[in-house]
Amino acid sequence: MPSLMWELDAIARCATQYRTEMLAPLGLKSCHASYLLHICTDPGISQEQLARRIFFNKSSVARQLAVLEESGFIRRIPSESDRRVICLYPTEKAQQALPQISQVLWDWEKLVTQDLAQGEQAAILGVLTRIKARAAHRVQQE
């Protein structure tokens, strides 16, 4: 019997497949989109801050950042004030890929919401925002 979480999980898996296919020509995987969006919009963000924002554990984030660094999308630089903190910076390659990444994300959203009225989209977004806030609060308590 389907539930809200089952449906959300299925939508997320479909989105992952779509993004992976569409980002492949850039040499990126689905998860890299959120990493690069945050790094490009907040250069100097720490690995730990990024992990908290995208709700992934630090070891998973570190592995994906290594891939992005090896691929030339980011630079990891120790903080000058605390050498234990690693700050993340986008490269020119990341900045150039950003419009394509944003377009892929926008195209997916248009595709899955094309038959929804503006009011329906706004209502769904409002409900999902509240659910995400509750989920994030629960996760951050751990």
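R13 is partly exposed, with a relative accessible area of 41%; partly exposed lies between buried, under 20% relative accessible area, and exposed, over 50% (1.4 Å probe, protein chains only). R13 sits in helix 1. From R13 to S34 the C-alpha distance is 15 Å, across 21 residues of sequence. This is a predicted model: local features need pLDDT of at least 70, side-chain atom pairs count only at pLDDT 80 or more, and totals for chains, interfaces and linings use all residues. Residues are numbered from 1 along each chain as its sequence is written, and side-chain values use heavy atoms, with hydrogens and water left out.

**Overall fold**
- The chain has six helices and three strands; these are DSSP runs, helices being H or I of at least four residues and strands E of at least two, numbered from the N terminus.
- Starting at the N terminus, the element order is α-α-β-α-α-β-β-α-α.
- Along the principal axes, the C-alpha atoms fill a box of roughly 50 × 40 × 25 Å.
- Buried residues make up 27% of the 142 in the chain.
- Contacts (heavy atoms within 4.5 Å) between residues at least 6 apart in sequence join residues at least 24 apart in 51% of cases.

- Three strands form an open sheet in the order 1-3-2, with antiparallel pairing; two strands pair if DSSP finds at least two bridges between them.
- Strand 1 (45-46) and strand 2 (74-78) are at the edges with a single partner strand each, so one side of each has no neighbour in the sheet.
- Strand 1 and strand 3 (residues 86-90) run antiparallel and are joined by two bridges.
- S46 has C87 in strand 3 as its bridge partner.
- Helix 2 (residues 30-41) packs on the sheet and touches strand 1, strand 2 and strand 3.
- The direction of helix 2 makes about 90° with that of strand 3; axes are lines fitted to C-alpha atoms, for helices over the stretch in contact, and angles run from 0 to 180 degrees between N-to-C directions.

**The largest pocket**
- The largest pocket has a volume of about 2,200 Å³.
- A pocket is an open set of points on a 1 Å grid over the protein atoms alone, where a 1.4 Å probe fits, with protein on both sides within 12 Å along at least five of seven lines.
- Grid points are joined across faces, edges and corners, and the volume is the space filled by probe spheres set on the points.
- The largest pocket is lined by 47 residues, and L8, A12, R19, L128 and K132 are the closest to its centre; lining residues have an atom within 4 Å of a point.
- Helix 1 (4-23), helix 2, helix 3 (47-54), helix 4 (58-70), helix 5 (92-113) and helix 6 each supply at least two lining residues.
- Helix 6 gives the most, with 12 residues.
- The lining divides into 27 nonpolar, 11 polar and nine charged residues.
- Ala, Val, Leu, Ile, Met, Phe, Trp, Tyr, Cys and Pro count as nonpolar, Asp, Glu, Lys and Arg as charged, and the others, Gly among them, as polar.

**Two further residues**
- R134 is in helix 6 (residues 118-141) and counts as exposed at 66% relative accessibility.
- R134 and Y18 are 116 residues apart along the chain, with 27 Å between their C-alpha atoms.
- F55 lies in the loop between helix 3 and helix 4.
- F55 is not a glycine, yet has a positive phi of about 60°.
- At 42% relative accessibility, F55 is partly exposed.
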